[in-house]
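Reader: I would like the terms used for this model set against their cut-offs, one at a time. Please show the structure before we start.

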Amino acid sequence: MEVNWNQIDDKWRNKWHEAKDFETDPNDKPKKFITVAYPYPNSPQHIGHGRTYTLADVHSRYYRMRGYNVLFPMGFHYTGTPILGMSKRVQANDEELIEAFKNLYNVPEEKIKEFVDPVKIADYFHEEIKAGMIEMGYSIDWRREFTTIIPAYQKFIEWQFRNLKEKNLIVQGNHPVGWCPNDQNPVSQHDTLGDVEPDFTEYIVIKFNIGDEIIPVATLRPETLFGVTNLWINPKIVYKRVKVDKETWIISAECAYKLEFLNKKIEIIEDVPGSELIGKKVHSPTNENEFLILPASFVTATTGTGIVMSVPAHAPYDFQALEDIRNGNQKNIEDSLQTEVGKIQPIAIITTEGFEDIPAQNVIKKMGITNQDDPKLEDATKEIYSKEFYEGKLNSNTGEFAGKKIAFVKEEVKEWISKTGKSDIMLELTNESVKCRCGTECVVKLLNNQWFLDYANKEWKAKAHECFESMNILPNDIRTEFFNVLDWLRERACARQHGLGTKIPWDNDWLVESLADSVIYMSFYTMAKFVNSGEILADNMSDEFFNYIFYGSGNSDTVAENAKITTDKLEEIRKEFLYFYPVDSRHSGRDLVPNHLTFFVLNHVVLFPKEHWPKEIVVNGSVMMDGKKMSKSMGNIIPLRDAIKKYGADPIRLAILISAELLQDADFNSESISGIKNKLESMYDDCAKFNNSEKIGNNPEDIWIQSRLSKLILEVTESMEKMRLRESLHHILYGFDSELQWYMKRANAKNRNDISGVLNKILSTRVSMLSPFAPHIAEEMWERLGNSEMVSKSSWPKQEEQTDDAAVQNESLLSSVMNDISNIIKVTKITPKTITIYTADNWKSKAYHKILIGVNSGETNIGIFIKELISQKETENVKKDPDFVKKILKDILSEPTELRKTKMNAGAIDENILISNELSSLIEADYGIKLQVFSENDSEKYDPKNKARMARPYKPAILIE
Ligand SMILES: [Zn+2]
């Protein structure tokens, strides 16, 4: 039957709403506090956003069914510059943005006009996102909703900041930051196009010179100074003669631009074409050596100074560029210069096992590189760099550094050159190109007297490390990523000049940055309820108030009086915090691992006592659309609310979850949606068929299928606990199909009409396990199955105390015999008139179980088994058929261990009785003929082909005529 998804969505959403089902207050039950990174409302949600929230919702609904009092709240993050930037673009009548609002996001025109006010943008999308979350069926307690610009939240952030400052974790200093020159503001991940976190690398600038003029080169490997043979410039670049503080440098224009942000005083004097520098000689900064400046095309103006020192023994580019000149591939080189180049010999300064004398030459040959524009040079460089870094040692021609390992010598060499005054530091963005959301290329800026969170602080890191170690991280492989982030983390600017948010309490020219005011807000949910109801006013929320709620410090009567609330109310707010804290699970996308999630832990470990540190982090990958990345430019972004109208909430939820486990990218496509719809619709149809009042039968197949159902519950529960939701869904939707098929075959063969009760039980179990995933349709199915309570309020199905291994073993024997019969018929192509089955002699079964027990305790030696079996009376017949032991051992060893255990628990089966009683109906139903069953040792048996002796336990012999 076609299901009207939107109608069902509405019906159940309204019922949940009326029953206030997801409004969670403290009670006697154990709690779970599940949070997910709140959205930044600068555009509507699309299907990709749906993944993290859906995961958290499934998690919440699952725990509710497991008997927990679950709080799942939501807030909205208004803080930051992007919304401000958007409103500026609206003010400037930016066509592209206004078009996107109109056509992509369907914003009414009158609304767009209001968007000159950034708060109006945030408010609009806030409501849009919230409506989408409600339509998706998220079980959120909306009484606790807030935005990050409400006065109470600002009071809370002020408390956080003053607290961090008192602990000396917010420091004023000069540190590098990613920077947008246009906005004059630091940039972090949330401010850049494509959400790139700006990261930077420190180059050592080494100052060669021609007379009074400096020819600087920037390098990551200062130790290679000992192997320099020449410098490289690109003749196509027009360099600049620049006054840098008090010196005159020759550098690229790009370099001059970047140096300005690194606190250098820059004054451009004139152009210097690269070609003019060719053939000039520079002096080494550390000795009397002189080096030629030579042309090379691989040199770029955008990296470092635009001038490169040449270390041909260890740098493949340098080696190849020299080769290119020698081979006459460089034009504009005078003959006299060509002769001098011919004299240049690579100077090997590092020995690394596995490389010959001149490693660069070595690798170039190996990779078949023939000119400096070959992209393989990049790989060659990486190979040498990493091998030399970890395994290389400096040669005797490196003075005081001889014999030292490269990995440890970089800092020493840096210091040594620095003492000569002939070096400097230059910071560059590591990421190829980072653009601010305003479109401007970002740079590294050395910010003076700025406010920084001291994430470089070792004690702080150690504490966070301890928390990460003790917490549950799903999937667990991502734990090391957090440790790496902690290792690399340094001071981080926490103030911005523009944007929405909270002012730095002691320096009102600055605003708290958006990745700093979003790290402990989970604790604010516990009091947001009281703020929203007006029971506590922002004006009355002081540090003293927060210290009481979070730490219990101060005198409650005084604190209450100052907060203008009763002592009882104060205690209630404190109890609410104590009940729900700590956060039991924090959900977020993988892109927030290196920033938000790490900062979330860092801030918790210093602002809260250990018992309030977060317990779990769950990280998920992104969503692809038809196998492609979703992006505005691809035009494949589907706003979530449009998709809900088109497909219904539940099919979307399942389509997002069923294609991937946590960290993998999920793929959303219409094919999987229609597959899911079909499956749900057929389950929905079945719900009307099976009556729940009928008693469940006691036939072997009834006992068997309930054992299987118990196993299904166990499997789904185990996957749910690990948040392996794809696996859970597969089990629930498809994992029971073959069991049901077998059950129906058995029941139909016996013409049973009393199976509705057991089928109802099976379906109810599956529907109830489905309900966290597809909550709306599951409620509808549950109602159809004859339940009056809502499934969202029911308990998660329990596994039966004991699964009946004998029943499992019996059915598996029956189905394998049926398979064997059908295979024989297929191969021999005969139309069967009679089927005869011979079950193995009793002693064989005894011998089988002895071997089984032996194998389970690790014995596999045939000789030992034979000896043992012959020595006992009940199995001495083995000596008549020693080959039997070999076959049985093979049978057993080819089975999975789990199956062996089931067989052990089930014990020996009376196959003769089982097959006589249960298989006849199946044979009659499938082939319309009678079945004869004999025991191997039956002297009266009909055995014209002498087949009976072939019978083995679990493998009866079969004769088809
Ligand atoms: Zn910008």
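Reader: What makes the arrangement of the four donor atoms around the zinc ion tetrahedral?
Author: The four donor atoms subtend angles of 95 to 122 degrees at the zinc ion. Four donors count as tetrahedral if all angles lie between 85 and 135 degrees, so the arrangement is called tetrahedral. The ideal angle for four tetrahedral donors is 109.5 degrees. The model is a predicted one, in which local features need pLDDT of at least 70 and side-chain atom pairs count only at pLDDT 80 or more, while totals for chains, interfaces and linings use all residues. Residues are numbered from 1 along each chain as its sequence is written, and side-chain values use heavy atoms, with hydrogens and water left out.

Reader: Which residues are the protein donors of the zinc ion?
Author: They are Cys180 (SG), Asp183 (OD), Cys436 (SG) and Cys438 (SG), at 2.2 to 2.3 Å from the ion. A donor is an N, O or S atom within 2.8 Å of the metal (3.2 Å for Na, K and Ca); water is not among the atoms, so sites may look incomplete. Along the chain the donors have the spacing C-x2-D-x252-C-x1-C. Cys180 belongs to strand β3 (residues 170-180) and Cys436 to the loop between β16 (423-429) and β17 (443-453), so this pair ties together parts 256 residues apart in sequence. Helices (H or I, at least four residues) and strands (E, at least two) are DSSP runs, numbered from the N terminus.

Reader: Why is Cys180 called buried?
Author: Buried means under 20% relative accessible area, exposed over 50%, and partly exposed in between (1.4 Å probe, protein chains only). Cys180 has a relative accessible area of 0%, so it is buried. Cys436, with 3%, is buried as well.

Reader: How do you know that β3 and β17 pair?
Author: Two strands pair if DSSP finds at least two bridges between them. Nine bridges join β3 to β17, which run antiparallel. Trp179 stands opposite Val443 in β17. Both strands belong to an open sheet of four, in the order β4-β3-β17-β19. β4 (185-186) and β19 (492-493) are at its edges with a single partner strand each, so one side of each lacks a neighbour in the sheet.

Reader: What makes strand β1 (residues 31-36) mostly covered?
Author: Six of its six residues are buried. Lys31, Phe33 and Thr35 point one way, and Lys32, Ile34 and Val36 the other way. In a regular strand the side chains alternate between the two faces of the sheet.

Reader: What is the hand of the crossover from β1 to β2?
Author: The β-α-β path from β1 through helix α2 (residues 47-65) to β2 is right-handed. The term applies if, with the strands pointing away from the viewer, the path from the first strand over the helix to the second runs clockwise. β1 and β2 (residues 69-71) run parallel and are joined by three bridges. β1 also pairs in the parallel sense with β23 (residues 585-589), over three bridges.

Reader: Why is strand β6 (residues 213-219) described as largely enclosed?
Author: Six of its seven residues are buried, so the rest of the structure largely encloses it. Strand β5 (residues 200-210) pairs with β6 in the antiparallel sense over seven bridges. The two form a hairpin with two residues between them, and Gly211 in the turn has a positive phi of about 60 degrees.

Definitions and conventions: Four donors count as tetrahedral if all angles lie between 85 and 135 degrees; four count as square planar and six as octahedral if opposite donors are over 155 degrees apart and all others between 65 and 115; anything else is irregular.
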